[in-house]
Amino acid sequence: MAQQLALDGGPTLERIARGDGLALCAAGSWTAKFAPMLERIVADAEQLTGTRPNIFIDVSEVVRLDTFGAWLIERLRRNLTQDGVEAKIAGLSADYASLVDEVRQVEPSAPDSSPGGGLRAPIEKLGRTMYTFGDDIVALISMFGAVLAAVIRTILHPSTFRLTSTVHHLEQVCWRAVPIVVLITFLIGAIIAQQGIFHFRRFGADVFVVDMLGVLVLREIGVLLVAIMVAGRSGSAYTAELGSMKMREEIDALRTMGFNPIDVLIVPRLVALLLAMPILTFLGAMAALYGGGLVAWLYGGVDPEAFLLRLRDAISINHFTVGMIKAPVMALVIGIVACVEGLAVKGSAESLGQHTTASVVKGIFFVIVMDGVFAIFFASIGI
């Protein structure tokens with residue numbers, strides 16, 4: 001019967017006893033076409049677990065093998081491996097050896113033994129989250145090192161710098177972002193001034209809203225708002241662009257042609273972002289001050305000339321300097337996070353969407369963290 005099946009191209013698995021060992025001789029076509037028959041054959045063979053100390057699976061007579069058949073052979077080998085004695089596969093042809101090796105690398109998924117409730121589940125989830133966060137930090141540091149090395153190479157060989165690409169990205173992240181940045185910061189400045197006047201009026205201190213607005217916008221709100229908008233607008237765009245290139249294997253094509261993707265794709269984007277962020281921060285701060293001054297005049301009755309005089313007395317060059325120092329650091333953080341997430345995209349649209357979302361969330365998170373670090377640093381040095 002087994003010989004007849006083999007002649008017909010069907011799969012067979014013949015058992016041959018050899019001393020204290022047992023040989024399982026596979027023959028025929030081990031493909032998905034014969035899936036039900038193969039499942040029964042392998043299930044029967046798995047009952048031999050522990051019957052002989054040495055078991056060999058001979059596949060030299062297999063005429064056709066696909067991934068399904070290779071997985072069944074590997075599953076049989078794993079199930080027959082008991083008490084430190086490993087069942088061995090013999091007779092693999094060169095055509096199928098790589099397929100079986102690839103299947104062998106697939107690790108069986110461990111059953112989820114964690115309880116559905118109780119205290120262990122949230123603690124375990126927290127641990128996994130912290131472990132993932134550690135991987136993210138390592139990836140960001142690695143990308144920063146790769147970018148730094150690329151910048152050094154560019155300084156040593158200036159002709160390799162891609163000026164056209166940098167100008168293109170500068171237009172996208174700076175010039176085209178000016179309208180929305182100015183509009184949002186103008187509205188935020190107006191809202192801060194209105195709320196400040198509304199509450200300060202109870203104490204007859206309407207004019208102090210100018211002090212609050214000037215210091216808050218120049219030191220914190222201006223750069224923070226712009227950084228969040230850039231993370232949502234330009235950071236997500238960087239991730240989507242690099243992720244699409246990764247999906248279409250364009251990045252692999254660059255490597256094949258001898259180009260370094262860091263030099264070609266990432267350095268121009270980061271340089272453009274480093275140049276754009278201080279410009280946008282300055283424009284955003286001016287728009288916020290203008291919006292606050294307009295509301296202070298129309299709603300609070302603070303004359304524009306009095307507003308400017310009070311603003312000049314309330315702020316110093318240090319407040320402006322603090323905001324400008326923060327801007328390029330925020331840009332570097334946003335750009336590195338976006339590029340790391342873009343290069344981590346796999347070959348599906350779902351992966352692209354997940355990493356684009358992660359890019360925005362992580363970018364905003366790290367921006368706020370860096371703002372807190374700067375606040376502590378400048379307070380410690382008395383600025």
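## A buried loop residue

A residue counts as buried when its relative accessible area is under 20%, as exposed when it is over 50%, and as partly exposed in between, using a 1.4 Å probe and protein chains only. By that rule A177 is buried, because its relative accessibility is 3%. This is a predicted model, in which local features need pLDDT of at least 70 and side-chain atom pairs count only at pLDDT 80 or more, while totals for chains, interfaces and linings use all residues. Residues are numbered from 1 along each chain as its sequence is written, and side-chain values use heavy atoms, with hydrogens and water left out.

So where does A177 sit? You will find A177 in the loop between α6 (163–173) and α7. Helices here are DSSP runs (H or I, at least four residues), as are strands (E, at least two), numbered from the N terminus. Setting aside neighbours within four places in sequence, A177 is in contact with Q172, R233 and L280; contact means heavy atoms within 4.5 Å. A177 and M229 lie 52 residues apart in sequence, with 9.1 Å between their C-alpha atoms.

## Helix α7

Helix α7 covers residues 178–200, 23 residues in total. From first C-alpha to last, α7 reaches 32 Å, close to the expected 33 Å, a span found as 1.5 Å times one less than the number of residues.

Which residues of α7 are buried? They are V178, V181, T185, G189, A190, I192, A193, G196 and I197. These buried residues pack against α8 and α10 (261–298).

## Helix α8 beside α12

Helix α8 (residues 208–247) packs with helix α12 (residues 317–343) at an angle of about 20°, their axes 8 Å apart. Axes are lines fitted to C-alpha atoms, for helices over the stretch in contact, and angles run from 0 to 180 degrees between N-to-C directions. The two helices are therefore roughly parallel; that label is for angles under 35 degrees, with roughly antiparallel over 145, roughly perpendicular from 65 to 115, and oblique for the rest.

The residues of this contact divide into 16 nonpolar, six polar and five charged. Nonpolar covers Ala, Val, Leu, Ile, Met, Phe, Trp, Tyr, Cys and Pro, charged covers Asp, Glu, Lys and Arg, and the others, Gly among them, are polar.

## Helix α8 across α11

With helix α11 (residues 304–314), α8 crosses at roughly 55°, and the axes come within 9 Å. That makes α8 oblique to α11.

On the α8 side, F208, V210, D211, L213, G214 and V215 meet F307, R310, L311 and A314 of α11. This contact has seven nonpolar residues, one polar and two charged.
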